[in-house]
Amino acid sequence: MPKLSFTQEPLRGPVTVPVMSLREVVIFPHTVAPLLVGREGSIKAVESAFRSPAPDKPIFLVLQKDATQESVSGPEQLYSMGVVCRVLQTLRLPDGTVKALFEGLYRATFANYANDDPFPTATVTEVPQEMGDETSFDAAASLLSEELQSFLKSGRKINQETVTALTAIKDAGTLADSIMSRVNVPYQRKQEVLEITNVARRLEEVFVCLHGENSIADVETRIKNRVRDAMEKSQRDYYLTEQIKAINKELGREEDPLQELDDVLKALEARDMPEEAKEKVRSEIHKLRIMTPSAAEYTILRSYVDWVMDLPWNKLKEIGIDIADARRILDANHYGLEKPKERILEYLAVQKLSGGLKGPILCFVGPPGVGKTSLAKSVAKATGREYVRLSLGGVRDEAEIRGHRRTYIGALPGKIIQSLKRVDHNNPLFCLDEIDKMTSDFRGDPAAAMLEVLDPEQNCTFMDHYLDLDYDLSKIFFITTANSVDGIPAPLLDRMEIIELNSYLETEKFHIAKSFLIPRQIEENGLQPEDISFTDSALTAIIREYTSESGVRTLERRIAKICRKAAIKLLESGAKTDAKAAAKAAPEAAEAGQTAEAAGIPEQEAQAAPEAKAEAATAPFIVDVKSLPDLLGVPVYRHDRPEQASTVGVCNGLAWTSAGGELLLVETSIMPGTGTIAATGKLGEVMQESAKAALTYVRSHSAELGLAADFYKQVDIHVHVPDGATPKDGPSAGITIVTAITSALLGIPVRSDVAMTGEISLRGRVLPIGGLQEKLLGAKRAGVSTILIPKDNVRDLKEVPAEVLKDLDIVPVEHASEVLLKALDATEAEIFSGGDSLPLAKTLRADFPRPAQPAVTSSAPQ
């Protein structure tokens, strides 16, 4: 580009020319610009100038100050400086406007403005130009040249002719005007530059405007590049997505995996779960996006994402605890069990007042069939929680609780997490059934894994190996069940509060059957309450003779069997007629009456047959004691009964079983022998030791009982407990064995209406025993009226229902001598016929007088 210079052209003289005011447009000298002329005065001014005989065809174009004004009435509405232009070309358009091409000649001011008809005129005078400071001129010219080069290279749509024309200009003023006409700045700014006559300063202003234009162009270029890149990426993604859809369609896949992942991601953001879990799922989804669905690991990752998404996490159900309502639900669903229900209500009351759940884990311990699991379900209903049950019976692998790591093929979460997937909220009631049935092997001990689950201080960060995330179990209400605490490890047992559910008493079974089991079986077998009736004696006989259990499951099966037989008999007898037959009965009866009257038969006789049939059809099926053998067969169980009369060597003991108490007969026989003692009847080690202790007591008190000091050397004693196939053990038969041995040795019969229980010590003290309630019930069932119990067990009588104690004579005893006086059918003098005897220890002293020994004479010869 040539170096810029300043050229001073000769000035033109004043001349009167037409005037056309411009709106928002500025024309510069040395530039050509097309304009669309629409105002009538302006059109006439242009046409007048174009027809002018002058060679320049001059017209004065000046900017009006207010662009909103349609017409100009005076010079004060115009800027003081404009440009004299040559009209190069005009074109009349169909709409009446004129398109004209103007060439700017020189700057000019105007005077003598005349707003004549048909167009305004004015006298214009050319404005002289000055170079200005030479140094400033050279610097501004150099900067403008460089900025112009940048402008031409900015990528704007500039035709080659314009580029050539601009690079060929040598005059600085002409270049400044040419550049200014092409710069996109407000028209007011252009008017300011137009009015600058100092060329050096004009170059500076043009440089500022051009630099700003280039800066804007650079920003626009960057924006366009970003938009273009984004559009290219978007178009590329769209193209590839469409290709993937086409491929999936060809492969027979109905759903788009990527769209499916997008849906999962949206669902993830809407889930209420810890941020750590969300971040983990996002990471797995990112892996899935770059992985082909046919890859083996794709299914593993997708399965993991589904597991994490399906868990309830922070979603909690609002829990409302109403103690009165909870008590009503527990009483309605469970008869008896007063102590367990009271403890559960206490627990719920504390939770309601404290507002939290942290506390002991409840463990229901009791024999099978007493309602442990159903009680847990009732607690869930009483608290409004969802109910989840997990059976731990047979679980022997630690991974079944904690899950397997995802590195294993077919890995899954543990049973805890699997169970929580089935509920909607993270605060259900979780019943861990049969927790005492877990076993361990070389794969680990599941009971050790349960330590974290059932510890309120640790289970808020339960770590499942499959999830590899902390899961909060602290809001879950855990209840465990077990048949015995013996199979529960001590550390695990320490984390639970034991609530014992004892075996149902016979009276409790009676009420449960009458209030719960019979109505349920009647409904399940399609009967109506009026179709079948159980007598109280029959129900008691079923409980005693056809069941032997701690719970009521077998009892319910027996009742169900009777209901099925009743259904058969009712159908065979026609009792269960349909509604049509019942509706048909009335017209038939009326018709029968009319026919009988016509035949001369008395009306009462005619109605007798259908009434008898209807009565037979509506009579309920009565279940009484006599019908039980036909319905259930011969009795399955029998219970020992006391002897009809007092018998020597036979004593009534009491035993505890899981099915309740039983009468335990202890038989003792003596025979000539060498002093051996035998105990038979499949007795356990403890019971055999009780027999030895009993014999020791009798021998140590033989003098008081009137027995010879060496009686044991002359007889053999055999103690037998009948029902020899049934194992028996425990110390509570001690006083029973003492009484039976004493009776056999003294020949005094034992009262048949007396039963007893108690442990015997070597000194004859009667020690307390357990299972008193069941033993009293066994005695009552056997028809024994007088019961001897240890004195220390008197306090346990408060726990025994009043209906069990009714008609029983409870006699507390402290020593075996009291037992013998109450049990043997003889007077005190007859029992203790030896009177007071000298303690054996005194006879062993050296100073104890002994009878003189006879002299020994020798028969040998002297």
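This is a predicted model: local features need pLDDT of at least 70, side-chain atom pairs count only at pLDDT 80 or more; totals for chains, interfaces and linings use all residues.

Biologist: Start with the five-strand sheet. What is the strand order?

Modeller: The order is S8-S9-S12-S7-S13, with parallel pairing, and the sheet is open. S8 (387–391) and S13 (496–500) are the edge strands, each pairing on one side only. Neighbouring strands of this sheet are turned by 25 degrees against each other on average, direction ignored.

Biologist: How many bridges join S8 to S9?

Modeller: Five bridges, with the two strands running parallel. S9 covers residues 429–433, and its Phe430 is the bridge partner of Val388.

Biologist: What about S19 and S20, parallel or antiparallel?

Modeller: Parallel, with four bridges between S19 (residues 677–680) and S20 (residues 715–720). Ile677 stands opposite Ile717 in S20.

Biologist: And which hand does the β-α-β unit of S19, H23 and S20 have?

Modeller: That unit is left-handed. Its helix, H23, spans residues 685–700.

Biologist: Switching to charges. How many salt bridges does the structure hold?

Modeller: There are 36. One of them pairs the side chains of Arg12 and Glu126, at 3.5 Å from N to O. This pair links distant parts of the chain, 114 residues apart: Arg12 lies in the segment before strand S1 (15–22), Glu126 in strand S6 (residues 121–126).

Biologist: Is Glu126 buried or exposed?

Modeller: Glu126 counts as buried because its relative accessibility is 11%, under the 20% limit. Arg12, at 36%, counts as partly exposed.

Biologist: Which residue does Asp455 form a salt bridge with?

Modeller: Arg495, with the closest N and O atoms 3.4 Å apart. They are 40 residues apart in the chain, Asp455 in the loop between helix H15 (446–453) and strand S10 (462–463), Arg495 in the loop between helix H16 (490–494) and S13. Asp455 is buried at 12% relative accessible area, while Arg495 is partly exposed at 23%.

Biologist: Last topic, the surface. Which residues form the nonpolar patch?

Modeller: Val219, Ile223, Val227 and Met231, with about 320 Å² of accessible area together. Val227 sits in helix H6 (residues 199–250).

Technical notes. Residues are numbered from 1 along each chain as its sequence is written. Side-chain values use heavy atoms; hydrogens and water are left out. Two strands pair if DSSP finds at least two bridges between them. A crossover is right-handed if, with the strands pointing away from the viewer, the path from the first strand over the helix to the second runs clockwise. Patches are made of residues with over 30% relative accessible area and no salt bridge: like charges are joined within 9 Å, nonpolar side chains (Val, Leu, Ile, Met, Phe, Trp, Tyr) within 5 Å. Accessible areas come from the Shrake-Rupley method with a 1.4 Å probe; for residues, only the protein chains shown count as cover. A salt bridge is a side-chain nitrogen of Lys or Arg within 4 Å of a carboxyl oxygen of Asp or Glu. Axes are lines fitted to C-alpha atoms, for helices over the stretch in contact, and angles run from 0 to 180 degrees between N-to-C directions. Buried means under 20% relative accessible area, exposed over 50%, partly exposed in between (1.4 Å probe, protein chains only).
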